[in-house]
Amino acid sequence: MTSRAANLPSPTFPKASRGFNPGRIVKYLALALALFWSLAPVYWMLATSFKTELEATRVNPTLFPVDPTLANYIGLGGTSLPFFSFFVNSVISCLATAIIAVVIATPAAYALSRARFRLKGTISYSVLLFRMLPLVVMLAPLYLLLLNARLLDSLGGLVVGFTTFGLPFAVWMMKSFIDAVPIEVEEAARIDGYPRWQILLRVVTPLVLPGLLTTGTFVFMEAWNNLIYPLTFMTTMDKQTLPAALVLTFTGQFKTDWGGMMAAATLTTLPLMVAFFAVQRSMVRGLTSGAVAGA
């Protein structure tokens, strides 16, 4: 046995090539270029927030702050600028928009995914078509609607505007997640005597919880970055959200406070980063399940 085993050829394994690999180098260069393209504005925002007013307005800008200062951040809370009110208005309006959009989109997506009726395809593509409309197209109808409902210059009217634009996206996102749920699970629940609304609440909703978090996060981020709706529907300065307040407060006719604007923009992006990293795993799981369902 030992002599026969000794005569057997030893298995050979392919050696890892350590030579020149142009494909790998091109891939790493492309990744480095994409990373630089994405992080360069973020770095410039951070660097400018620590610059003095004179340094931030130089003709030849400096890459690093020569004389770093925290005066721009201190000025956000030490002056008459109601920065905290702007922050609270943004959080309240965006959270309400995300919750309302998800609550309305879930049964609508369930109907488009499971129900069978004649205008199902027409309604589905109408929702998608409405999503493709630019924000400017809906300004006049929404303004007249809020004017007649006496919701102008109020957070409630702003939530209505945000939800109007974010709801079609939420419906399509939730539809892809519900499509991934096996129909046999619902059939078993129907055999047990559950009605449709209990199947949606007790069976389907817990299974698409990552999709709920993913959709709510995207709607929140979209509402947080919205600029044109607060500028149009809000007239009182104390009721403005952060993006609109940055434009109205730090931009003047003859002068722009770049340091203060970048400091406020840095604090504005923090909730988005916290919201993204808090539900990162659920977002990846939800987007993956949606991709599988679409396949």
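Author: The lining of the largest pocket holds 14 nonpolar residues, four polar and no charged. This is a predicted model, in which local features need pLDDT of at least 70, side-chain atom pairs count only at pLDDT 80 or more, and totals for chains, interfaces and linings use all residues. Residues are numbered from 1 along each chain as its sequence is written, and side-chain values use heavy atoms, without hydrogens and water.

Reader: What makes a residue nonpolar, polar or charged?

Author: Ala, Val, Leu, Ile, Met, Phe, Trp, Tyr, Cys and Pro count as nonpolar; Asp, Glu, Lys and Arg as charged; the others, Gly among them, as polar.

Reader: Why is this called a pocket?

Author: On a 1 Å grid over the protein atoms alone, a pocket is an open set of points where a 1.4 Å probe fits, with protein on both sides within 12 Å along at least five of seven lines. The largest has a volume of about 430 Å³, the space filled by probe spheres set on the points.

Reader: What makes a residue part of the lining?

Author: An atom within 4 Å of a point. Of the 18 residues that line the largest pocket, the closest to its centre are Met45, Thr269, Leu270, Leu272 and Met273.

Reader: Which helix gives the largest share of that lining?

Author: H14, with ten residues. A helix is a DSSP run (H or I, at least four residues), numbered from the N terminus. H14 spans 258-278.

Reader: Which classes line the second largest pocket?

Author: Ten nonpolar residues, two polar and no charged. H11 supplies the largest share, five residues.

Note on methods. Helices (H or I, at least four residues) and strands (E, at least two) are DSSP runs, numbered from the N terminus.
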